[in-house]
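Thanks for asking me to look this one over. Please have the model open beside you as you read.

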Amino acid sequence: MKRFGIAIAVAAAALLAVGFAARVMARASDAGGISGTVHFQGKAPVQRPISMDKDPVCVSQQSGTVLPEDGRVNDNATLPNAFVYISKGTGNLSGHVPANSATLTQKGCMFEPHVLGIMVGQPLQVVTDDPTAHNIHVSATKGNRDWNVTQQPGTPSFTTRFSDPAIMVPVHCNIHPWMEAFIGVVTNPYYAVTGADGSFSIKNVPPGDYTLSVWTATFGTQERSVTVRAGESASVDFTFTGQ
Ligand SMILES: [Cu+2]
């Protein structure tokens, strides 16, 4: 009788598992996406090379000219480092906070990446790869506090979190004034940062009507309405202009 009871329990568990898997699959196939490109028209800003002469160790970490990342335009007339995110319409769809860390690395006396997205409460791991000291300074933005921490060469990484959404939280190094990064702190997982081809893709977006926003350090911000349909990727392009 006891064995029979166990068999029933196992069968029930299997049925539950099948049902759960079916629901997960249904949800995944219901999702859509948003993809597009951040274009640039007009004259790109003239960029002056960064001088790292203040710290010879930084100079030794670089093999050639280093240009600022803000104001950069890709060869295909698109923008890198644009932060694209769903700013309105997610309601209570806000995703679970990922347990995995986002990472900000100091390498060659620059922050990598220059623009980073993270969810409120998600761990941010701050890493140094450099043989010189840095002082990471996160500026108070919205409800996020102002703080700075010195990281000596060889110091282990440390973890921090952001308490409030903010577009964007600036990060500097108090020792090397050219070092700068921007962190987009959001309440949902639907964001992306453009790279060397200016494109972005946001996946697994539940169907619905949203506002898609884009932030750039130099050329301003834009937003656009977008409707995501089940199983389809909506296309949204942005165009910024130079002088
Ligand atoms: Cu530094």
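The points below go from the whole chain to the sheets and then to one proline.

1. A word on the ground rules. This is a predicted model, in which local features need pLDDT of at least 70 and side-chain atom pairs count only at pLDDT 80 or more, while totals for chains, interfaces and linings use all residues. Residues are numbered from 1 along each chain as its sequence is written.

2. The overall make-up comes first. The protein chain has two helices and 17 strands, where helices (H or I, at least four residues) and strands (E, at least two) are DSSP runs numbered from the N terminus. Of its 243 residues, 30% are buried, that is, they have 20 or more other C-beta atoms within 10 Å of their own, with C-beta atoms placed from the backbone.

3. On contacts (C-beta atoms, placed from the backbone, within 7 Å), take the pairs at least 6 apart in sequence: 66% of these join residues at least 24 apart.

4. Now to the four-strand sheet. This open sheet has the order β4-β3-β6-β9 with mixed pairing; two strands pair if DSSP finds at least two bridges between them. At its edges are β4 (110–112) and β9 (158–160), each pairing on one side only. From one strand to the next the twist averages 25°, with axes fitted as lines to C-alpha atoms and angles running from 0 to 180 degrees between N-to-C directions.

5. Within that sheet, β6 (residues 124–128) pairs with β9 in the antiparallel sense over three bridges. You can find Gln-125 opposite Thr-159 in β9.

6. The five-strand sheet is also open and mixed in its pairing, in the order β5-β11-β10-β7-β8. Because β5 (115–119) and β8 (147–151) each have a single partner strand, one side of each is left without a neighbour in the sheet. The twist averages 25° from one strand to the next.

7. Inside this second sheet, β7 (residues 134–138) and β10 (residues 166–173) run antiparallel and are joined by three bridges. Val-138 stands opposite Val-171 in β10.

8. Finally, where does Pro-45 sit? Pro-45 lies in the loop between β1 (32–41) and α2 (56–61). Pro-45 counts as partly exposed because 15 other C-beta atoms lie within 10 Å, and that class falls between buried and exposed (12 or fewer). Beyond its neighbours within four places in sequence, Pro-45 is in contact with Gly-71, Thr-218 and Gly-242. Arg-72 is 27 residues from Pro-45 in sequence, and their C-alpha atoms are 7.6 Å apart.

Technical notes
Contact = placed C-beta atoms within 7 Å.
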